[in-house]
Amino acid sequence: YYCPQTKFVVKMDDDLFVNLPNLQKFLLENLQGCSDYIFCGYGKDIKVWREHAKWGIPFQDYPNSVYPRYCFGNYPIIYPFEVAFNLYK
């Protein structure tokens with residue numbers, strides 16, 4: 001609502017370092033016009049942890065043997081503004 005001129009929104013953990021000038025250059029040179037994607041490092045066919053104390057998922061909560069594709073939380077996640085805005089609404 002307050003920054004409609006924004007082209008991208010980046011979500012990342014506070015303990016990450018990202019070279020912002022390089023990220024901006026990459027985004028502007030490569031991702032212009034990409035308005036219906038989320039860009040991230042992602043996991044595919046990752047086995048479900050059952051026994052891990054902190055992250056373990058009981059079978060009754062999630063019966064599949066692998067997780068669906070998902071964005072890793074420890075990588076920057078880049079949303080084109082339109083995607084971030086639509087997710088926010």
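Is D14 buried or exposed? D14 is exposed, because its relative accessible area of 79% lies over the 50% cut-off. The structure is a predicted model, and the values in this report are computed from it.

**Loop residues**

D14 sits in the loop that runs between strand β1 (8-11) and helix α1 (20-30). Seen along the chain, D14 and A84 are 70 residues apart, and their C-alpha atoms are 19 Å apart in space.

D45 belongs to another stretch, the loop between β2 (42-43) and β3 (70-71). Its backbone carries a positive phi of about 55 degrees, although D45 is not a glycine. Most residues other than glycine have a negative phi. D45 has a relative accessible area of 56%, over the 50% cut-off, and is therefore exposed.

N74 is placed in the loop between β3 and β4 (77-80). With 47% relative accessibility, N74 counts as partly exposed, because this value falls between the 20% and 50% cut-offs. N74 and F17 are 57 residues apart along the chain, and 11 Å separates their C-alpha atoms.

I77 is part of strand β4. At 8% relative accessibility I77 is under the 20% cut-off, so it counts as buried. C71 is in strand β3. The relative accessibility of C71 is 30%, which makes it partly exposed.

I77 and I38 lie 39 residues apart in sequence, with 7.1 Å between their C-alpha atoms. For C71 and I38 the sequence separation is 33 residues and the C-alpha distance is 8.9 Å.

The table collects the C-alpha distances together with the separations along the chain.

| Pair | Separation in sequence | C-alpha to C-alpha distance |
|---|---|---|
| D14 and A84 | 70 residues | 19 Å |
| N74 and F17 | 57 residues | 11 Å |
| I77 and I38 | 39 residues | 7.1 Å |
| C71 and I38 | 33 residues | 8.9 Å |

**Salt bridge**

How many salt bridges does the count come to? The count comes to one salt bridge. K11 forms it with D13, and the closest N and O atoms are 3.4 Å apart. This pair qualifies because 3.4 Å is within the 4 Å cut-off. Side chains of opposite charge can pair when their charged atoms come close. K11 is partly exposed, with a relative accessible area of 34%. D13 is partly exposed as well, at 29%.

**Pocket**

Which residues line the largest pocket? The lining consists of I46, W49, W55, I57, Y67 and Y70. By class, the lining has six nonpolar residues, with no polar and no charged ones. The volume of the largest pocket is about 150 Å³.

**Surface patch**

Y1, Y2 and Y88 make a nonpolar surface patch of about 540 Å². One of these residues, Y88, is found in helix α2, which covers residues 81-88. Y88 counts as exposed because its relative accessibility of 60% is over 50%.

Technical notes: Residues are numbered from 1 along each chain as its sequence is written. This is a predicted model: local features need pLDDT of at least 70, side-chain atom pairs count only at pLDDT 80 or more; totals for chains, interfaces and linings use all residues. Side-chain values use heavy atoms; hydrogens and water are left out. On a 1 Å grid over the protein atoms alone, a cavity is a set of points where a 1.4 Å probe fits but cannot get out, and a pocket is an open set with protein on both sides within 12 Å along at least five of seven lines; lining residues have an atom within 4 Å of a point. Grid points are joined across faces, edges and corners, and a volume is the space filled by probe spheres set on the points. Ala, Val, Leu, Ile, Met, Phe, Trp, Tyr, Cys and Pro count as nonpolar, Asp, Glu, Lys and Arg as charged, and the others, Gly among them, as polar. Patches are made of residues with over 30% relative accessible area and no salt bridge: like charges are joined within 9 Å, nonpolar side chains (Val, Leu, Ile, Met, Phe, Trp, Tyr) within 5 Å. Accessible areas come from the Shrake-Rupley method with a 1.4 Å probe; for residues, only the protein chains shown count as cover. A salt bridge is a side-chain nitrogen of Lys or Arg within 4 Å of a carboxyl oxygen of Asp or Glu. Helices (H or I, at least four residues) and strands (E, at least two) are DSSP runs, numbered from the N terminus. Buried means under 20% relative accessible area, exposed over 50%, partly exposed in between (1.4 Å probe, protein chains only).
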